[in-house]
Amino acid sequence: MQIVISIPVHEEKEVVVDQIQNYKKYMKNPVIVIHISESFYRNENGRFDEIEKIQDVYINPVHFDVGWGNIAHVHISNYLYICEKIKKFDYFLMHASNELYVRKGVEDYISRYRAGFQRRILFSNKSMWWPCEMAHKDDVLKKIMEKCNAKNIVASQVEGSFYSREIFEKIADATQGIDFSQGESYTREELVFSTIAYSFLEEKDIGYPITYSEVHRYDRGLWKIQRIYHSFSILPVMNTVLAHGRREKVYEWLVNRYESIGNYKIKKATVKEIVKGNRGYILRKNVMEDYPGKFQLYDGNIYAVKRVERKMTNPVRMYIRGLEA
């Protein structure tokens with residue numbers, strides 16, 4: 001079985017090489033296709049010798065000027081490019097540049113399914129997950145859904161999601177001619193791939209992402225703060241205290257404090273539990289409630305983690321680098 005891995009990168013060549021080495025350490029002969037952002041390519045004067053000389057690593061000759069919430073077209077471009085370079089492969093697996101593997105065996109898991117992604121079905125446009133409302137009024141997404149007769153908007157993390165070549169070919173077809181620069185800026189990539197694939201697949205054919213992401217832990221904590229603060233702030237006694245713009249300032253302070261403490265972040269202890277294959281740790285808080293919706297994150301089969309800071313001296317990165325595969 002041949003897996004192609006798609007990674008958009010935008011900084012730190014040394015870290016990119018470190019990520020490639022990590023993937024080769026934990027996977028069986030992966031083919032890796034890299035998209036280098038236009039600004040990164042320009043800043044390095046197009047010199048990426050360290051990456052180009054690595055076996056089975058391909059650099060997409062197209063360089064988009066990318067940013068947050070603007071990644072879908074990059075992975076599609078990587079797919080179309082690698083189809084030109086390699087005649088046969090079985091799966092297309094997407095990662096970000098701040099992900100690292102910590103366990104072997106991902107090939108066995110992926111081979112059981114035609115795709116793997118979360119099924120966050122956005123039945124309503126009201127949710128604590130703010131992109132939900134954006135998705136429901138997104139004309140670009142509506143156009144894509146019409147092309148593949150999709151009935152539901154389905155969201156998933158992109159990182160660690162995978163698709164058989166057959167299914168991703170359908171995704172490429174459904175997005176052909178689509179201008180992803182149109183409309184509001186939001187994390188459209190978290191809806192495009194999963195929405196299209198869900199319209200073609202049965203539940204038994206779908207697995208889950210293989211990357212354990214801190215993003216959901218962040219959201220869960222943030223929503224708790226929002227609910228508690230809202231309940232507290234509407235008390236009559238607080239009307240005066242939180243008047244004159246203080247309501248927003250207090251909320252901003254709470255969020256800044258939450259982020260500075262950083263309990264949601266991937267730490268060495270997180271990695272240790274995943275390395276041990278501790279399904280109980282992974283599944284303990286495995287249902288996200290974004291009010292009114294609920295959806296499952298993983299099925300316990302986790303092989304990689306996100307986010308790992310893009311610095312060679314980051315303690316978690318150094319710890320993972322020292323692990324025995």
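Helices and strands are here DSSP runs, of at least four residues (H or I) for a helix and at least two (E) for a strand, numbered from the N terminus. Counted in this way, the chain of this predicted model holds 15 helices and 14 strands. A compact globule of 325 residues would have a radius of gyration near 20 Å, and the chain agrees with this at 20 Å. Along the principal axes, its C-alpha atoms fill a box of roughly 70 × 45 × 45 Å. Of the 325 residues, 52% are buried. Among contacts with a separation of 6 or more, 81% are between residues 24 or more positions apart.

Seven strands make up an open sheet with mixed pairing, and their order is β3-β2-β1-β4-β9-β6-β10. The edges are taken by β3 (57-59) and β10 (206-207); each has a single partner strand, so one side of each lacks a neighbour in the sheet. Helix α1 (residues 13-26) packs on this sheet, where it touches β1, β2 (31-36) and β3. The direction of α1 makes about 160° with that of β1. Helix α4 (residues 72-85) also packs on the sheet and touches β1, β2, β3 and β4, with its direction at about 130° to that of β2.

On one side, β4 pairs with strand β1 (residues 3-9) in the parallel sense, over four bridges, and I3 stands opposite Y91 of β4. The pairing of β4 with strand β9 (residues 162-164) is antiparallel and runs over three bridges; here F92 has Y163 in β9 as its bridge partner. In a regular strand, side chains alternate between the two faces of the sheet. In β4, Y91 and L93 lie on one side and F92 and M94 on the other.

From its first C-alpha to its last, α4 reaches 21 Å with 14 residues, close to the 20 Å expected at 1.5 Å a residue. The helix is mostly covered, with 10 of its 14 residues buried. These buried residues are A72, H73, V74, H75, I76, S77, N78, Y79, Y81 and I82. They pack against the strands β1, β2, β3 and β4, and also against the helices α8 (165-174) and α9 (189-198).

A last stop is R119, which is found in the loop between β6 (115-116) and β7 (120-121). Because its relative accessibility is 11%, and buried means under 20%, R119 counts as buried. Its side chain makes a polar contact of 2.4 Å with the side chain of E203. A polar contact of 3.3 Å joins the side chain of R119 to that of Y208. With neighbours within four places in sequence left aside, the contacts of R119 are V154, A155, Y198, E203, I206, G207, Y208 and F295.

Definitions and conventions: Residues numbered from 1 in each chain as written. Predicted model: local features only at pLDDT ≥ 70, side-chain atom pairs only at ≥ 80, totals over all residues. Heavy atoms only, no water. Buried < 20%, exposed > 50% of the residue type's maximum accessible area, 1.4 Å probe, protein only. Pairing = 2+ DSSP bridges. Contact = heavy atoms within 4.5 Å. Axes fitted to C-alpha atoms, helices over the stretch in contact; angles between N-to-C directions. Expected span 1.5 Å × (residues − 1). Polar contact = N/O pair within 3.5 Å; in protein donor to acceptor, adjacent residues only side chain to side chain. Rg over C-alpha atoms; globule rule 2.2 N^0.38 Å.
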